[in-house]
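Open the model in your viewer and keep the selection tool at hand. Each stop below says what to select and what is there.

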Amino acid sequence: MRKDEKYGGSPRLVKIFIYLMLILLAVTILVPVAWVFVASIKENSEFYGNPWTLPQGFHFQNFVDAWQKANMGEYMLNSVIVTALALVLLIVIALPAAYVLARFRFKGRAIWNTLFMAGLFINVNYIVVPIFLMLNDGDMFLRKVFGTPFFLNNLFMLALVYAATALPFTIYLLSGYFKSLARDYEEAAYVDGAGYFYTMVKVIIPMAKPSVVTVILFNFLAFWNEYIISMTLLTKAELKTLPVGLMNLMAAQKSAVQYGQLYAGLVIVMLPTLILYMCVQKKLTQGMTLGGLKG
């Protein structure tokens, strides 16, 4: 009896079932995305007929109106600034922390590992109010001393909060990858006279590119699409990020009924994430467990 028959079914039927499930999954993901792109180029009158009909033409004015009239361009700039700052802060802090926790033995290491692992079980949405109250108290103190606030309505502080809340997950992934690498590389660098910092920057981090790319992609998606923290910490209209601006646009369209403009705004939000994924998918598919010596 063949092994595949022993565990049930022929390999051809198993493959057909797997392909059908993958095709079904792809359809359920691609159809809504494609529908949003098609709806974004329709005129407003076309939405009152069959929603599955193709547009009569390419109505690019929807994107112009969403970018200018709905201030999506200003919101996107804010999102780009916040996401870029948060990613830079996160990588600069998480890479050395993960490397030290994975490679070195020191007093208190177990406590730090436990604290970071505990952070994985904290839902960020549950601590938004304490974060807001803490920053608000800081602003009240600054108003009394210097006469001006700093913590709320500040894109840098929002980026700092994003980076801080993403640290446990990022350190967990990176430290797991660093542990899988052989120590021969570091020992060879030490023999050549390299210090700890030089070894980390020039030897270990280049080897960790697949893991770093994965971390950047996951956190980019989280920061770019984050809504609750941004809405809570940024109250000024000119500082709102793209998801908050999109929600304001959706609320405004309930009375204006400009569906094409609304779907154009959705496309503007989705497009950067799709472009980023297409750029890094090759590195992403390499996985996070590539390590060891290559002989």
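## The whole chain

Of the 295 residues in the chain, 37% are buried (buried means under 20% relative accessible area, exposed over 50%, partly exposed in between, with a 1.4 Å probe and protein chains only). This is a predicted model, in which local features need pLDDT of at least 70 and side-chain atom pairs count only at pLDDT 80 or more, while totals for chains, interfaces and linings use all residues. Residues are numbered from 1 along each chain as its sequence is written, and side-chain values use heavy atoms, with hydrogens and water left out.

Colour by secondary structure. The chain has 13 helices and zero strands. Helices (H or I, at least four residues) and strands (E, at least two) are DSSP runs, numbered from the N terminus. Now consider contacts, meaning heavy atoms within 4.5 Å. Among those between residues at least 6 apart in sequence, 73% join residues at least 24 apart.

## Stop 1: helix 5

Select residues 109-119, which form helix 5. Which residues of helix 5 are buried? They are R109, N113, F116 and G119. These four cover an arc of only 120° around the axis, so they sit on the same side of helix 5. The arc is taken from the directions from the helix axis to the C-beta atoms. An α-helix has 3.6 residues a turn, so residues three or four places apart point the same way.

Show what surrounds that side. Helix 4 and helix 7 are among the elements covering the buried residues of helix 5. Then turn to the face directed away from the buried side. There you find the exposed residues A110, I111, T114 and L115.

## Stop 2

Select residues 128-145. Helix 6 has 18 residues and reaches 26 Å from its first C-alpha to its last, close to the 26 Å expected at 1.5 Å a residue. The expected span is 1.5 Å times one less than the number of residues.

Its buried residues are V128, I131, L135, G138, D139 and L142. Their arc around the axis is only 100°, which puts them on the same side of helix 6. They pack against helix 7 and helix 11 (228-233). On the face turned away, look for the exposed residues V129, M134, F141 and K144.

Step past the end of helix 6 to G147. Its phi is positive, near 85°. Next, select N153, in the loop between helix 6 and helix 7. N153 also has a positive phi, near 55°, and is not a glycine. Most residues other than glycine have a negative phi. At 23% relative accessibility, N153 counts as partly exposed.

## Stop 3: helix 7 against helix 10

Select residues 155-180 for helix 7 and residues 209-225 for helix 10. The two pack at an angle of about 155°, with their axes 10 Å apart. Axes are lines fitted to C-alpha atoms, for helices over the stretch in contact, and angles run from 0 to 180 degrees between N-to-C directions. Helix 7 and helix 10 are therefore roughly antiparallel (over 145 degrees).

The crossing of helix 7 and helix 10 is right-handed, meaning that the near helix is turned clockwise from the far one by less than a right angle. Show side chains for the contact. Helix 7 brings Y162, A163, A166, F169, T170, L173, L174 and Y177. Helix 10 brings S211, V212, V215, F218, N219 and F223.

## Stop 4: helix 8 and helix 9

Select residues 184-191 for helix 8 and residues 196-207 for helix 9. Helix 8 and helix 9 pack at an angle of about 145°, with their axes 10 Å apart. This crossing, too, is right-handed. Y185, E186, A189 and Y190 of helix 8 meet Y196, T199, V203, I204 and M207 of helix 9.

Pick A188, which lies in helix 8. At 38% relative accessibility, A188 counts as partly exposed.

Finish on helix 9. T199, M200 and I204 are buried there. They cover an arc of only 95° around the axis, which puts them on the same side of helix 9. Their cover includes helix 4 (72-103), helix 7 and helix 8. On the other side of helix 9, F197 and K202 are exposed.

Key: Parallel < 35°, antiparallel > 145°, perpendicular 65-115°, else oblique.
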